[in-house]
Amino acid sequence: TLEVAVIDRIYQERDRFDGTRITAVAHNGVVLLAGEVFDEALKARAGERAFEVQGSRRVVNEISVTRPAGLPRISADGALTARIKAGLLRLDLPGFDASRVNVTTVRGEVFLMGLVKRTEADAVVQKVRRMRGVRRVIKVFEYVD
């Protein structure tokens with residue numbers, strides 16, 4: 001519900017955000033904003049709007065200032081996310097539960113969220129960085145140790 005509330009709050013300003021593409025991912029009150037807008041002012045405004053939503057305790061604004069991606073790029077990002085999630089299922093780490101890691105990909109940039117141990121975060125990042133198609137890995141983890 002937090003993700004929906006954040007997107008709703010941002011796009012209440014339809015005229016300002018028309019033609020942009022913003023994704024909100026929330027985990028434990030941390031809101032990640034990713035996507036594309038036309039200028040820095042829109043990026044900042046999206047972050048402000050997200051923080052206004054009840055339940056947002058921290059906003060990580062990783063929106064890019066560029067033209068919105070087209071369907072081929074969006075499809076490639078979806079496929080990359082699926083490959084990463086499948087790869088994390090095969091991560092050989094005692095006690096690791098891949099379902100605790102949220103994976104979001106925008107323009108080949110992979111955002112990793114979740115409640116994990118530092119050793120788990122390091123192993124996940126190492127695995128993801130080696131995967132074909134990953135341009136950059138951004139950690140938005142919260143640590144339980």
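## Close-up views of a predicted model

View 1. The model shown here, and in every view below, is a predicted one. Those buried residues of α3 are L42, R45, A46, G47, R49 and A50. The helix has 13 residues and reaches 19 Å from its first C-alpha to its last, close to the 18 Å expected at 1.5 Å a residue. Look also at the N-terminal end of α3, which D39 caps: one of its side-chain oxygens lies 3.2 Å from the backbone nitrogen of A41.

**View 2. A closer look at R49.** Here we stay with helix α3 (residues 40–52), where R49 has its place. Is R49 buried or exposed? R49 has a relative accessible area of 9%, so it counts as buried, the cut-off being under 20%. Its side chain is joined to that of Q12 by a polar contact of 3.0 Å. Leaving aside neighbours within four places in sequence, the residues in contact with R49 are R9, I10, Q12 and E13.

**View 3. A three-stranded sheet.** Now let us turn to an open sheet with strand order β5-β6-β7 and mixed pairing. Its edge strands, β5 (102–106) and β7 (136–143), each pair on one side only. Direction ignored, neighbouring strands of this sheet are turned by 15 degrees against each other on average. Helix α4 (residues 71–89) packs on the sheet and touches β5 and β6, with its direction at about 150 degrees to that of β5.

**View 4. The β5–β6 hairpin.** Strands β5 and β6 form a hairpin, with two residues between them. In the turn you will find R107, whose phi is positive, at about 55 degrees. The pairing of β5 with β6 (residues 109–116) is antiparallel and runs over five bridges. To trace it, find T105 opposite V110 of β6, then N102 opposite M113, also in β6.

**View 5. From β6 over α5 to β7.** Which hand does the β-α-β unit made by β6, α5 and β7 have? The unit is right-handed. Its two strands, β6 and β7, pair in the parallel sense over eight bridges, and E109 stands opposite R136 in β7. Helix α5 (residues 118–129) lies across both strands and runs at about 165 degrees to β7. Strand β6 is mostly covered, with seven of its eight residues buried.

Methods. Residues are numbered from 1 along each chain as its sequence is written. This is a predicted model: local features need pLDDT of at least 70, side-chain atom pairs count only at pLDDT 80 or more; totals for chains, interfaces and linings use all residues. Side-chain values use heavy atoms; hydrogens and water are left out. Two strands pair if DSSP finds at least two bridges between them. Helices (H or I, at least four residues) and strands (E, at least two) are DSSP runs, numbered from the N terminus. Axes are lines fitted to C-alpha atoms, for helices over the stretch in contact, and angles run from 0 to 180 degrees between N-to-C directions. Contact means heavy atoms within 4.5 Å. Buried means under 20% relative accessible area, exposed over 50%, partly exposed in between (1.4 Å probe, protein chains only). A polar contact is a pair of N or O atoms within 3.5 Å; within protein, one must be able to donate a hydrogen and the other to accept it, and residues adjacent in sequence count only if both atoms are side-chain atoms. The expected span of a helix is 1.5 Å times one less than its number of residues. A crossover is right-handed if, with the strands pointing away from the viewer, the path from the first strand over the helix to the second runs clockwise.
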